[in-house]
Amino acid sequence: MNSALIIGGGRGIGRALTEGLLSRTDTRNVVASCRSQSSLESLQAIDDERLQGVHLDVTDDASIDAMASRLGEDLPVPNLVIHAAGILHEDDIEPEKSLRQCRRDAMRRLFEVNSIGPLLVAQAVIPRMARKARGHYAVLSAMVGSIEDNRLGGWYSYRASKAALNQLLRTAAIECRRTHGELCLTAIHPGTTDTDLSAPFQSNVKPGKLYTPEQSAGRILDVVLGGSPEDSGRFVNWDGNPIAW
Ligand SMILES: NC(=O)c1ccc[n+]([C@@H]2O[C@H](COP(=O)([O-])OP(=O)(O)OC[C@H]3O[C@@H](n4cnc5c(N)ncnc54)[C@H](OP(=O)(O)O)[C@@H]3O)[C@@H](O)[C@H]2O)c1
């Protein structure tokens, strides 16, 4: 039976993960965190007493601490965490096509949301997870975070923020072998998925390679839950195959 915590669980792939978990009879409960009030309110459309929505902005330490300190109190301790929050574009921030377009403020924002935020959420949540029971902690990374696979260039900040995320997850996995020996940490590429994040770039996607959030969520759950502690620190594709760092 899984008690799940989905960070960014109100929209996009995170929303499909929340709903996918609730459709399973082996799910005991789901805590879905949202940054925006609109996503939090949209969770009310899901009529399931196993679901609790909470506010969390990964760039705000106080909101991370406020959520994490409730785990084991009025929120269940999770044995499955999936960090599905992330950005590619936001307000006037767009993925850079050239070196000339790189901006300090945009790069900082991408690293705040996609790299530092996930690490600080893990820092707050993992110590509250069971030390000796099987558990899973996954972050949604991206194939474009692979340095070896980078043949097209562009998207400087997003690529680098996901490469940093992968390194941070790998480092945490090594430490967790000592503190949480039954925990499997996974960085997973969800596949190109039809969400607000990918919407402006879908014309470049090959036919048949754009997946629904429900398809991606189902595959992510299969791969993440199929991981064992020996696999911890892996970077994998949605089909479970390893991705070169
Ligand atoms: N879609 C794809 O094709 C694709 C491909 C590769 C990797 N990914 C990765 O998969 C993850 C999910 O992407 P998606 O396609 O589902 O994107 P999305 O539909 O745009 O959803 C983004 C999610 O991130 C949350 N979020 C953004 N900024 C946040 C912050 N500061 N604090 C807390 N939550 C924040 C949003 O919360 P609110 O709803 O509250 O705003 C929302 O739940 C991302 O990390 C993305 O890089 C996606």
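## Around the ligand

The ligand has 30 residues around it, and the closest are Gly-8, Gly-12, Ser-39, Gly-86 and Thr-195. Being in this shell takes a C-beta atom, placed from the backbone, within 6 Å of the molecule. By type, the shell splits into 13 nonpolar, 13 polar and 4 charged residues. Here Ala, Val, Leu, Ile, Met, Phe, Trp, Tyr, Cys and Pro count as nonpolar, Asp, Glu, Lys and Arg as charged, and the others, Gly among them, as polar. Helix H1 (residues 12-22) is the top contributor to the shell, with 3 residues.

Keep in mind that this is a predicted model, where local features need pLDDT of at least 70, side-chain atom pairs count only at pLDDT 80 or more, and totals for chains, interfaces and linings use all residues. Residue numbers start from 1 along each chain as its sequence is written.

## The chain as a whole

The protein chain comes to 6 helices and 7 strands, in the order β-α-β-α-β-α-β-α-β-α-β-α-β from the N terminus. Its radius of gyration is 17 Å, close to the 18 Å from the globule rule for 245 residues, so the chain is as compact as a globular protein of that length. That radius is taken over C-alpha atoms, and the rule is 2.2 Å times the number of residues to the power 0.38. Helices (H or I, at least four residues) and strands (E, at least two) are DSSP runs, numbered from the N terminus. Along the principal axes, the C-alpha trace of the protein chain spans about 50 × 40 × 40 Å.

Of the 245 residues, 44% are buried. The label "buried" takes 20 or more other C-beta atoms within 10 Å of the residue's own, "exposed" takes 12 or fewer, and "partly exposed" is in between, with C-beta atoms placed from the backbone. Among contacts with a separation of 6 or more, 68% come from residues 24 or more positions apart. A contact means two C-beta atoms, placed from the backbone, within 7 Å.

Strand E1 (residues 2-7) has 5 of its 6 residues buried. E1 runs parallel to strand E2 (residues 27-34), joined by 6 bridges, with Ser-3 opposite Asn-29 in E2. E1 also pairs with E4 in the parallel sense, over 4 bridges, and here Ala-4 has Leu-80 as its bridge partner. E4 in turn pairs with E5, again parallel and over 4 bridges; Leu-80 has His-136 as its partner in E5. Pairing requires at least two DSSP bridges between the strands. Both faces of E4 are covered, with Leu-80 and Ile-82 buried on one side and Val-81 and His-83 buried on the other.

Back to H1: 10 of its 11 residues are buried, so the helix is largely enclosed by the rest of the structure. The cover over those buried residues includes E1, E2, E4, E5 and H6.

Nonpolar side chains tend to be buried together in soluble globular proteins. In this model, the largest nonpolar core has 58 residues, and Ile-6, Leu-17, Ile-82, Ile-188 and Ile-220 have the most contacts inside it. Such a core is a set of buried Ala, Val, Leu, Ile, Met, Phe, Trp, Tyr and Cys residues joined through C-beta atoms within 7 Å. Setting aside neighbours within four places in sequence, Ile-82 is in contact with Ile-6, Leu-17, Ala-138, Ile-220 and Val-224.

## Two positive phi angles

Most residues other than glycine have a negative phi. Asp-91 is not a glycine, yet has a positive phi of about 50°. Asp-91 sits in the loop between strand E4 (80-83) and helix H4 (104-125), and counts as exposed because it has 8 C-beta neighbours inside 10 Å.

Trp-155 also has a positive phi, near 50°. Its loop runs between strand E5 (135-140) and helix H5 (156-179). With 21 C-beta neighbours inside 10 Å, Trp-155 counts as buried.

Gly-233 lies in the loop between helix H6 (213-225) and strand E7 (234-236). Its 18 C-beta neighbours inside 10 Å make Gly-233 partly exposed. Beyond four places in sequence, Gly-233 is in contact with Arg-170, Ala-173, Ile-174 and Leu-185. Arg-177 is 56 residues from Gly-233 in sequence and 9.7 Å away, C-alpha to C-alpha.

Ala-164 is in helix H5 and counts as partly exposed, with 18 C-beta neighbours inside 10 Å. Not counting residues up to four places away in sequence, Ala-164 touches Phe-111 and Ser-115. Ala-164 and Ser-3 are 161 residues apart in sequence and 28 Å apart in space, C-alpha to C-alpha.
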